[in-house]
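Notebook open, structure loaded. I want to go through a handful of spots and jot down what I find at each.

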Amino acid sequence: MNRMHQHVIKKAILLFLCSCFLISMSAQNPVIRDQFTADPTARVFEGKIYLYPSHDIPSPIERLKEWFCMADYHVFSSENLTDWQDHGVIVSQEKVPWVASGSYSMWAPDCVYRDGKYYFYFPSAPAGNNRRGFAIGVAVADKPYGPFRPEENPIEGIGGIDPCVLIDHDGQAYIYWSGRGMSVAKLKDNMVELDSEPVQIEGLPEGFKEGPFVFERNGIYYYTFPWVRDSTETLAYATGDNPTGPFTFRGLIMDESPTGCWTNHHSIVEYEHQWYLFYHHNDYSPSFDKNRSVRVDSLFFNPDGTICTVTPTLRGVGITAATSEIHPDRYSAISEKGASIAFVNEQNFFEGWKILLNEGGWVRYNRVDFGNGAQQKVTVRISSPSGSKVRLQLSDTDKPFLAEINVPAGISWQEITLPVRNVVQGIQDIELSLVEGEGSEIDWIRFE
Ligand code: FUB
């Protein structure tokens, strides 16, 4: 066998392994659609976005039935913020020597790169009769997706949760955490030991705070944090001119959840010249807010460096291929009347949502990529109890028609395929509206 054959076979094996162990998903908000994910730390490594969230699960033990429950961490990556790959479990409670296995306390993590190694920081409940509360440990890898080797012991001198690590321009690393106030300490070059006594962060407002995330932009150090101003967590920030402060409180990045999810937790990252806010919401668990899901929206700065408040969206970020299933329930805009969303299956929320269009209802979905316009057909997964007509068109000023779908009466889903009337190219915003009948439900549309 020559070298080329060997290479082809190796590549085929690799592709096969990838298809077995990496799950790819295409997403709007929430971005991970087959499991709960919370407390997202997003980092740019090797030209991709890597997402290190907590992994909420419904508790298998009575003690945590109404509380946070996490046994392990997955890592996800994306090049386009639309398609995410799950690289599987990177650290689990059974495999960390210092963690009380069965404590289900693998809370909010972080991961940073230094000198050829990736350092994954995570809080958990330590094993041993005299150990209380939370400690923070480290696992080290050569690649952002592992394999990660956990250190034998947690970091000496830290009791708390929600680690965040900043490496400053001079190479000095700082670790921030919450629990008994908001603390910071220097890390030694080995990244696994403290190099200074912890000190409290100054300049923050009164009220419960946790989940620090610190970054620097144009010489301004942003100390950002979930903060209970009234009744649930907002995301807020303060700024300073060095990594340890003091900081000056600046205000909110995101307001309280309108539906009452008590926690929020975030990270802020620049990727390909755009800043993003990763955060979480209990999208797939509407009646239990300890099972959360990661979302992402764009974040903008004012010229003076202050942060523009982010309004959460369902559309999220990224471009959706016209040939993928486009879910208009993740809309960019919706009519005030005549349109709403609902779960497709109340018994399994991970099946996602559908859009309900009634008289006067319309919905817009932005940034669909038609490429060079090769799509001649559109398929719509739709139902309409008494029959209806739905119009699909572009959102630009002329609103050219793409198709008009006559939906026969029936309560079951139907996949209706029609020719596209005006073939379009490039990135377009599309709209769906009910033009006849009493109502229609749409799961997805796809061009081919
Ligand atoms: O996920 C468990 C805890 O909830 C985190 O550590 C906090 O920041 C909050 O999001």
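This is a predicted model: local features need pLDDT of at least 70, side-chain atom pairs count only at pLDDT 80 or more; totals for chains, interfaces and linings use all residues.

My entries follow, one spot at a time.

**Entry 1: the ligand site.** The side chain of Asp 39 has an N or O atom 2.5 Å from an oxygen atom of the ligand. For His 265, I get 2.7 Å between a side-chain N or O atom and a ligand oxygen. Arg 292 also comes up, with a side-chain N or O atom 2.7 Å from an oxygen of the ligand.

**Entry 2: strand S12 and its partners.** Is S12 buried or exposed? Strand S12 covers residues 182-187, and five of its six residues are buried, so the rest of the structure largely encloses it. I then checked what it pairs with. On one side of the bookkeeping is strand S11, residues 173-178, which runs antiparallel to S12 and is joined to it by six bridges. S11 and S12 make a hairpin with three residues between them. In that turn I found Gly 179 with a positive phi of about 115°. The other pairing I noted is with strand S13 (residues 199-200), again antiparallel, through two bridges. Val 184 of S12 turns up in both pairings: it stands opposite Tyr 176, and its bridge partner in S13 is Val 199. A reminder for reading any such strand: side chains in a regular strand alternate between the two faces of the sheet.

**Entry 3: cavities.** How many cavities of 30 Å³ or more does a search of the whole structure find? The search gives one. I wrote down a volume of about 40 Å³ for the largest cavity. Its lining is made of Ile 326, Pro 328, Val 363, Tyr 365, Ile 430, Glu 431, Leu 432 and Ile 445. By class, I count seven nonpolar residues, no polar ones and one charged in that lining. Which strands supply at least two of the lining residues each? Those are S25 (362-369) and S30 (427-437). S30 gives the largest share, with three residues.

**Entry 4: Ser 257.** This serine sits in the loop between strand S17 (248-254) and strand S18 (267-271). Its relative accessibility is 17%, so I log Ser 257 as buried, the cut-off being under 20%. Where does its side chain reach? A polar atom of the Ser 257 side chain lies 3.1 Å from the backbone nitrogen of Thr 259. The Ser 257 side chain also reaches the backbone nitrogen of Gly 260, at 2.9 Å.

**Entry 5: Arg 114.** I found Arg 114 in strand S6, residues 110-114. Buried or exposed? Arg 114 counts as buried because its relative accessibility is 13%. Its side chain has a polar atom 2.8 Å from the backbone oxygen of Gly 171.

**Entry 6: Gln 85.** Last stop is Gln 85, in strand S5 (residues 83-92). With a relative accessible area of 28%, Gln 85 goes down as partly exposed.

Technical notes: Residues are numbered from 1 along each chain as its sequence is written. Side-chain values use heavy atoms; hydrogens and water are left out. On a 1 Å grid over the protein atoms alone, a cavity is a set of points where a 1.4 Å probe fits but cannot get out, and a pocket is an open set with protein on both sides within 12 Å along at least five of seven lines; lining residues have an atom within 4 Å of a point. Grid points are joined across faces, edges and corners, and a volume is the space filled by probe spheres set on the points. Helices (H or I, at least four residues) and strands (E, at least two) are DSSP runs, numbered from the N terminus. Ala, Val, Leu, Ile, Met, Phe, Trp, Tyr, Cys and Pro count as nonpolar, Asp, Glu, Lys and Arg as charged, and the others, Gly among them, as polar. Buried means under 20% relative accessible area, exposed over 50%, partly exposed in between (1.4 Å probe, protein chains only). Two strands pair if DSSP finds at least two bridges between them. A polar contact is a pair of N or O atoms within 3.5 Å; within protein, one must be able to donate a hydrogen and the other to accept it, and residues adjacent in sequence count only if both atoms are side-chain atoms.
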